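Let's take a walk through this model together, one piece at a time. Keep the viewer open and follow along as we go.

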There are 2 protein chains.
Amino acid sequence: MADLGTVAGLTTPALLVEDTLLEANLATMSAALPGDRLRPHVKAHKCTALAARQHAAGHHGFTCATVREVEGMVAAGLGDDLLLANEVLDMRRLGALVAEGARVTAAVDSSQTIAAAVDGGVREVVIDVNVGLPRCGCPPEKAGDLAASARERGLAVRGVMGYEGHLMMVTPEAERTRLTEEAMKLLLAAHAEVGGDLVSAGGTGTHAVNTWASEIQAGSYALMDTAYGSLGLPFAQALSVLGTVISVSEGWAVADVGLKSLGMDHGNPTIEGASVWYCSDEHITFAPSTPGSVHVGDRVRVLPAHVDPTVALHEAMYLASGDRVLERWPVDLRGW
Amino acid sequence: MADLGTVAGLTTPALLVEDTLLEANLATMSAALPGDRLRPHVKAHKCTALAARQHAAGHHGFTCATVREVEGMVAAGLGDDLLLANEVLDMRRLGALVAEGARVTAAVDSSQTIAAAVDGGVREVVIDVNVGLPRCGCPPEKAGDLAASARERGLAVRGVMGYEGHLMMVTPEAERTRLTEEAMKLLLAAHAEVGGDLVSAGGTGTHAVNTWASEIQAGSYALMDTAYGSLGLPFAQALSVLGTVISVSEGWAVADVGLKSLGMDHGNPTIEGASVWYCSDEHITFAPSTPGSVHVGDRVRVLPAHVDPTVALHEAMYLASGDRVLERWPVDLRGW
């Protein structure tokens, strides 16, 4: 294998993944939700090399958010059972994958998305049910009719999905559990009308408390971010954005990690031992807790607040152990 | 030329640029700041095809924020006079471009960045001066010493730069003008010590009021965003993210434009005729002003709040006139 050099030698900004922390996160989740109890969501890392590790840990079905993610997973030989947990109105690219032997199941929540599955050549669907998040999904009481309509048009209906995304960050955990139970009651009522094996729901925030779904669609647990990090979940922040300090002034310093290498929808990132002031396109301005402790040329690790859109801004992530770069993993599921 | 089809036929989400609005923006700016009075900043579009239009409009020098932007501009034949308006500690890739005949000038604000220019083979620099934005740049009173030090080490010092980024959004304009004058007095004082032809500063927000700089580094004016749109500048929002409505519920609708196709640091994007509730990874949830007016399959145009990080999330932008796609422009300056 080619020598990938050292962390110190990486061009910055660079997505850095700590191998031991990633492996611990994967092992912790596989112990909690073994095999098909977990359907890892690839949108959180957009990286087939990382998905291959999840596959090796025993999870053979995956969740995707885009057609491109489905295509990339099939191309990487990870197309055993892919759920596109999102509505798509042009499913022809998905149908082409099905025709080539991949197993692709699409979420549908309307007559139009059912028609798109039929027209595109996708043969398996789940009924997407709104369990309280104002986004996609049909009202629970309409799920049975949609399933019947899908079956009439020749589709196999594998069950239901319903994402309780509005509950991921609820604290304390007891309240998260109570609200998740309420949401899942809606999903189970829909499932009673729809039938099928799948009751697909959940995410990293509810993976331990959602005992009603047959499978959990968690993704963030592998790399983590500071938003999920605040919940006390048993996963470590394995991902950081490595930067170089490019300028030091009286009272602040600047590193080359900015809006173009960080998802900002959850707010500013974090630097240990420093107070982050603000980010601009290619800069993060921060004040070190110990004045004079940061110098031009130093490396800093910036912890993103939200992993998913952060990853989408990078071409690759670097798997590292200490200062050694073990592997370069292309972020190969970007785009649409 | 290959038929690129229609806007209605584009896979969504897609960056859409209205040709007539772009051309009007370019013409308005070229009339205000002709030729070398403008050094367009490519970080706002990261697209050499768009830069080529700016070059054709008479602007032969460009501003870049990253080494990759400089490399891409040289590769596209637009390397007449590139200013990397940012500090970089490894300039070897820049030096390689200089050795091949490109003109590359780097910003320096410390002994370390001067050493990086010497070591990397970059022969021309500007002294980056802090004019009030807490980011890069030396204190104005240190600029002369840094210039002398750079010249001692064999570098040509072309002048100064100082970005009044903290003033771009100040209203009313009279106050923006007053504060810009204060900031530019600092830069001109530094310039008196440094010498050279260049006094490089400014941006879209101060392009009309900054009469002290010899050249303005504006970028956003070409495509625009809703943040700059609020200032009453003579530029139209030429850029939108085209989406498809994928789900409609009682009270809201969802399109396939989310955090992974929108820079979110300036807040939520805008949809005309609707109230935007929130964005998630691949979704925007919004309430149409006229209930029942939005249907599954409709196309919507989402106006980003901040153009620069939005563009960085896309592989290409589509130049359109009405429903006709005129050109596909790769966003070829992404990454580092």
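Start with the sheet in chain A. Seven strands make up an open sheet here, in the order 2-3-4-5-6-7-8, and the pairing is parallel. At the edges you'll find strand 2 (61–64) and strand 8 (215–216) of chain A; each has a single partner strand, so one side of each is left without a neighbour in the sheet. Bear in mind as you look around that this is a predicted model.

Strand 7 (residues 198–201) of chain A runs parallel to strand 8 of chain A, and two bridges join them. If you want a residue pair to click on, A:A201 sits opposite A:I216 in strand 8 of chain A. Now look for what covers the sheet: helix 7 (residues 173–194) of chain A packs on it, touching strand 5 (124–128), strand 6 (156–162) and strand 7 of chain A. The direction of helix 7 of chain A makes about 170° with that of strand 6 of chain A.

Helix 7 of chain A also has a helical partner. The axis of helix 6 (residues 143–152) of chain A comes within 8 Å of the axis of helix 7 of chain A, and the two cross at roughly 35°. Which hand does the crossing of helix 6 of chain A and helix 7 of chain A have? Helix 6 of chain A passes helix 7 of chain A in a right-handed crossing. On the helix 6 side, the contact is made by A:A143, A:G144 and A:A147, while helix 7 of chain A brings in A:A190, A:E193 and A:V194. Sorted by class, this helix 6 to helix 7 contact in chain A has four nonpolar residues, one polar and one charged.

Next, step back to the domains. The assignment for chain A gives domain 1 (7–12 + 235–330) and domain 2 (19–219). The C-alpha centres of these two domains of chain A lie 32 Å apart. Their contact takes 13 residues from domain 1 of chain A and 14 residues from domain 2 of chain A. Where do the domain 1 residues come from? Helix 9 (307–311), strand 14 (316–321) and strand 15 (324–330) of chain A each supply at least two residues of the side that touches domain 2 of chain A. Strand 14 of chain A gives the largest share of that side, four residues. By class, the side of domain 1 of chain A that touches domain 2 of chain A divides into 11 nonpolar residues, one polar and one charged.

Two of those contributors are themselves partners. Strand 14 of chain A and strand 15 of chain A pair in the antiparallel sense over six bridges, and A:M317 has A:W329 in strand 15 of chain A as its bridge partner. The hairpin formed by these strands of chain A has two residues between the strands, and A:G322 takes a positive phi near 60° there.

Over to chain B. An open sheet of seven strands turns up here, ordered 2-3-4-5-6-7-8 with parallel pairing. Strand 2 (61–64) and strand 8 (215–216) of chain B are its edge strands, each pairing on one side only. Inside this sheet, strand 4 (residues 104–108) and strand 5 (residues 124–128) of chain B pair in the parallel sense over four bridges, with B:T105 standing opposite B:E124 in strand 5 of chain B. Helix 3 (residues 67–75) of chain B packs on the sheet and touches strand 2, strand 3 (81–84) and strand 4 of chain B.

Helix 3 of chain B packs against helix 4 (residues 92–99) of chain B too, at an angle of about 20° and with the axes 10 Å apart. The two helices of chain B are therefore roughly parallel to each other. Their crossing in chain B is left-handed. Helix 3 of chain B contributes B:V67, B:V70, B:E71 and B:V74, and helix 4 of chain B contributes B:R93, B:L94 and B:L97. That contact has five nonpolar residues, no polar ones and two charged.

Finally, see how the chains meet. In this interface, 44 residues of chain B are in contact with 44 residues of chain A. Strand 9 (239–249), strand 10 (252–255), strand 11 (274–280), strand 12 (283–288) and helix 9 (307–311) of chain B each give two or more residues to the side of chain B that touches chain A. Strand 9 of chain B supplies the largest share of that side, four residues. By class, the side of chain B that touches chain A has 18 nonpolar, 16 polar and 10 charged residues.

Methods
Residues are numbered from 1 along each chain as its sequence is written. Chains are lettered from A and ligands numbered from 1 in the order in which they are written. This is a predicted model: local features need pLDDT of at least 70, side-chain atom pairs count only at pLDDT 80 or more; totals for chains, interfaces and linings use all residues. Two residues are in contact if their C-beta atoms, placed from the backbone, lie within 7 Å. Ala, Val, Leu, Ile, Met, Phe, Trp, Tyr, Cys and Pro count as nonpolar, Asp, Glu, Lys and Arg as charged, and the others, Gly among them, as polar. Two strands pair if DSSP finds at least two bridges between them. Axes are lines fitted to C-alpha atoms, for helices over the stretch in contact, and angles run from 0 to 180 degrees between N-to-C directions. Domain bounds come from an automatic or database domain assignment. Angles under 35 degrees count as roughly parallel, over 145 as roughly antiparallel, 65 to 115 as roughly perpendicular and the rest as oblique. A crossing is left-handed if the near helix is turned anticlockwise from the far one by less than a right angle, and right-handed if clockwise.
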